[in-house]
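This briefing is written for a reader who has the sequence and the three-dimensional structure at hand. Please keep both in view while working through the points that follow.

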Amino acid sequence: MTSKKRAFIINVLRRASFTWWSRTAALKKARVKRGIYRCNICKYEGPLKDFEMDHVIPVIGKEGFTTFDEFIERLFPDSPNGWQLLCKPCHTDKTNKENEERRDYQRKKK
């Protein structure tokens with residue numbers, strides 16, 4: 001499979017995950033009151049525009065992309081507990097930490 005085709009498929013699957021039932025359920029769980037949500041890490045409360053939905057288990061693990069089957073299993077969790085709502089700063093911190101772990105793993109592997 002070409003890298004262009006693989007990137008297209010990954011993008012389409014990621015967009016489809018926005019409407020997955022467990023994501024919607026996790027968003028409802030994070031709602032404090034009308035229009036106000038709570039960060040799962042720092043407990044900040046604010047409007048939805050201040051938040052990003054996050055996979056509890058990273059979609060791309062520290063070993064990098066392995067198979068589409070694993071990618072899809074992680075992208076579409078079967079429970080609302082597979083998702084968490086994070087404020088943008090907490091989501092950035094978590095993503096940066098995961099990326100660093102992935103880089104360290106790849107360096108040690110070589």
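In this predicted model, strands β4 and β5 are paired in the antiparallel sense, with 5 bridges between them.

- Of the 5 residues of β4, 4 are buried, so the strand is largely enclosed by the rest of the structure.
- In general, the side chains of a regular strand alternate between the two faces of the sheet.

**The sheet β1-β2-β3**

- An open sheet is formed by 3 strands in the order β1-β2-β3, and the pairing is antiparallel.
- Strands β1 and β3 (45–46) stand at the edges with a single partner strand each, so one side of each has no neighbour in the sheet.
- The antiparallel pairing of β1 with β2, the strand of residues 36–38, rests on 2 bridges.
- Within β2, the residue that stands opposite R31 is Y37.
- Helix α2 lies across both β1 and β2, and this helix runs at about 40° to β1.

**The largest pocket**

- Empty space can be located by rolling a probe the size of a water molecule over the atoms.
- The largest pocket holds about 510 Å³ of space.
- Its lining is made up of 24 residues, and R14, M53, D54, H55 and H91 are the ones that lie nearest the centre.
- Which element gives the largest share of the lining of the largest pocket? That element is α4, with 6 residues.
- Sorted by class, the lining of the largest pocket contains 11 nonpolar, 8 charged and 5 polar residues.

**The second largest pocket**

- The volume of the second largest pocket is about 200 Å³.
- This pocket is lined by 14 residues, of which A26, K29, A30, N40 and L85 are the closest to its centre.
- Helix α2, strand β1 (31–33) and strand β5 each provide at least two residues of the lining of the second largest pocket.
- The lining of the second largest pocket divides into 8 nonpolar, 3 polar and 3 charged residues.

**The cavity**

- How many cavities of 30 Å³ or more does the structure hold? The structure holds 1 such cavity.
- The largest cavity has a volume of about 30 Å³.
- The residues that line the largest cavity are V59, I60, G61, G64, F65, T66, T67, E70, F71 and R74.
- By class, this lining consists of 4 nonpolar, 4 polar and 2 charged residues.

**Residue F8**

- Residue F8 is part of helix α1.
- Is F8 buried or exposed? A residue counts as exposed when its relative accessible area is over 50%, and F8, at 55%, is therefore exposed.
- Along the chain, F8 and F65 are 57 residues apart, and their C-alpha atoms are separated by 15 Å.
- Residue F65 is also among those that line the largest cavity.

Definitions and conventions
Residues numbered from 1 in each chain as written. Predicted model: local features only at pLDDT ≥ 70, side-chain atom pairs only at ≥ 80, totals over all residues. Heavy atoms only, no water. 1 Å grid on protein atoms, 1.4 Å probe; cavity = no way out; pocket = protein on both sides within 12 Å on 5 of 7 lines; lining within 4 Å. Points joined across faces, edges and corners; volume = space filled by probe spheres on them. Nonpolar A, V, L, I, M, F, W, Y, C, P; charged D, E, K, R; others polar. Pairing = 2+ DSSP bridges. Contact = heavy atoms within 4.5 Å. Axes fitted to C-alpha atoms, helices over the stretch in contact; angles between N-to-C directions. Buried < 20%, exposed > 50% of the residue type's maximum accessible area, 1.4 Å probe, protein only.
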